[in-house]
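Biologist: I have a model open and would like a quick walk through it. Can we take it a piece at a time?
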Amino acid sequence: MPSMPRLLLRLFLLAALAAVILLPRAHDLDTFLTADEKQWAANTGNFLRRLSFGEWDLLLQLPHPGVTTQWIGAPTIFSASWAVKKLPLALAGSLLIGAVAYVFARLWGRRSAFLLALLLALNPVRVAHTRVYAMDALLALFVLLSLGLF
């Protein structure tokens, strides 16, 4: 069992890492809107409506289903604020980075996983994609998590 100062240091590093992961994703989410975010929100609304009426055969939507994005975005779909609509996806992306770090800590050790989490958290392209109402960032993180679990 680690000593108290060592435990406090670990808790501090974990809290700092969580802040570094979450803050860039959750800050000022309504700054921009990409071309396809309105379509994603519409698909999520259609998904929720069809799910509530039991229209199972109509849940698959084009150009691709993106069901994970629709499930995650469903609780806030009726909000008028894009920041509120995007928040669940930003939180899910942050949690996935944490899950990836945990899995890779078990594989490579804590230091390597901490570095991996920092790289994923601070990569500008990853930050930008996790702030968009779309499935791309979630898909990439789920693939990385799957590779770690494989």
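Biologist: In what order do the elements of the protein chain run from the N terminus on?
Modeller: They run α-α-α-α-α-α-α. The chain has seven helices and zero strands. Keep in mind that this is a predicted model.

Biologist: Noted. What box do the C-alpha atoms fill?
Modeller: Roughly 55 × 35 × 25 Å, taken along the principal axes.

Biologist: Now the packing. At what angle do H1 and H4 pack?
Modeller: The angle between H1 and H4 is about 155°, and their axes are 9 Å apart. Angles over 145 degrees count as roughly antiparallel, so that is how H1 and H4 lie to each other.

Biologist: And is that crossing left-handed or right-handed?
Modeller: The crossing of H1 and H4 is right-handed.

Biologist: Which residues meet there?
Modeller: From H1, Ile-21, Leu-22, Arg-25 and Ala-26. On the H4 side they meet Leu-87, Ala-90, Leu-91, Ser-94 and Ile-97. By class, the contact of H1 with H4 has seven nonpolar residues, one polar and one charged.

Biologist: What about H4 and H7, parallel or antiparallel?
Modeller: H4 and H7 pack at about 20°, with axes 9 Å apart. Under 35 degrees counts as roughly parallel, so H4 and H7 are roughly parallel to each other. H4 passes H7 in a left-handed crossing.

Biologist: Who makes that contact?
Modeller: H4 brings Leu-89, Ala-92, Gly-93, Leu-96, Ile-97, Ala-99, Val-100, Val-103, Phe-104 and Leu-107. H7 brings Leu-138, Leu-141, Phe-142, Leu-144, Leu-145, Gly-148 and Leu-149.

Biologist: How many charged residues are in the contact of H4 with H7?
Modeller: There are no charged residues in it; the contact divides into 15 nonpolar and two polar.

Biologist: Back to H1. How do the axes of H1 and H5 cross?
Modeller: The axes of H1 and H5 come within 9 Å and cross at roughly 20°. That angle makes H1 roughly parallel to H5. The crossing of H1 and H5 is left-handed.

Biologist: Which residues are involved there?
Modeller: H1 contributes Arg-10, Leu-13, Leu-17, Val-20, Ile-21 and Arg-25. H5 contributes Arg-110, Phe-114, Ala-117, Leu-118, Leu-120, Ala-121 and Leu-122. The contact of H1 with H5 has 10 nonpolar residues, no polar ones and three charged.

Biologist: Which elements give two or more residues to its lining?
Modeller: Helix H1 (4–26), helix H4 (82–108) and helix H5 (110–122). H1 gives the largest share of the lining, 10 residues.

Biologist: And which residues lie nearest the pocket's centre?
Modeller: Arg-10, Leu-14, Leu-17, Arg-110 and Phe-114, out of 21 lining residues. Arg-10, Leu-17, Arg-110 and Phe-114 also belong to the contact of H1 with H5.

Biologist: How does the whole lining of that pocket divide by class?
Modeller: The lining of the largest pocket has 15 nonpolar residues, two polar and four charged.

Biologist: What lines the largest cavity?
Modeller: Leu-89, Gly-93, His-129, Thr-130, Val-132, Ala-134, Ala-137 and Leu-138. H4, helix H6 (124–130) and helix H7 (136–149) each give two or more residues to that lining.

Biologist: Last one: how many nonpolar, polar and charged residues line the largest cavity?
Modeller: The lining of the largest cavity has five nonpolar residues, three polar and no charged ones.

Terms used. Residues are numbered from 1 along each chain as its sequence is written. This is a predicted model: local features need pLDDT of at least 70, side-chain atom pairs count only at pLDDT 80 or more; totals for chains, interfaces and linings use all residues. Side-chain values use heavy atoms; hydrogens and water are left out. On a 1 Å grid over the protein atoms alone, a cavity is a set of points where a 1.4 Å probe fits but cannot get out, and a pocket is an open set with protein on both sides within 12 Å along at least five of seven lines; lining residues have an atom within 4 Å of a point. Helices (H or I, at least four residues) and strands (E, at least two) are DSSP runs, numbered from the N terminus. Ala, Val, Leu, Ile, Met, Phe, Trp, Tyr, Cys and Pro count as nonpolar, Asp, Glu, Lys and Arg as charged, and the others, Gly among them, as polar. Axes are lines fitted to C-alpha atoms, for helices over the stretch in contact, and angles run from 0 to 180 degrees between N-to-C directions. Angles under 35 degrees count as roughly parallel, over 145 as roughly antiparallel, 65 to 115 as roughly perpendicular and the rest as oblique. A crossing is left-handed if the near helix is turned anticlockwise from the far one by less than a right angle, and right-handed if clockwise. Contact means heavy atoms within 4.5 Å.
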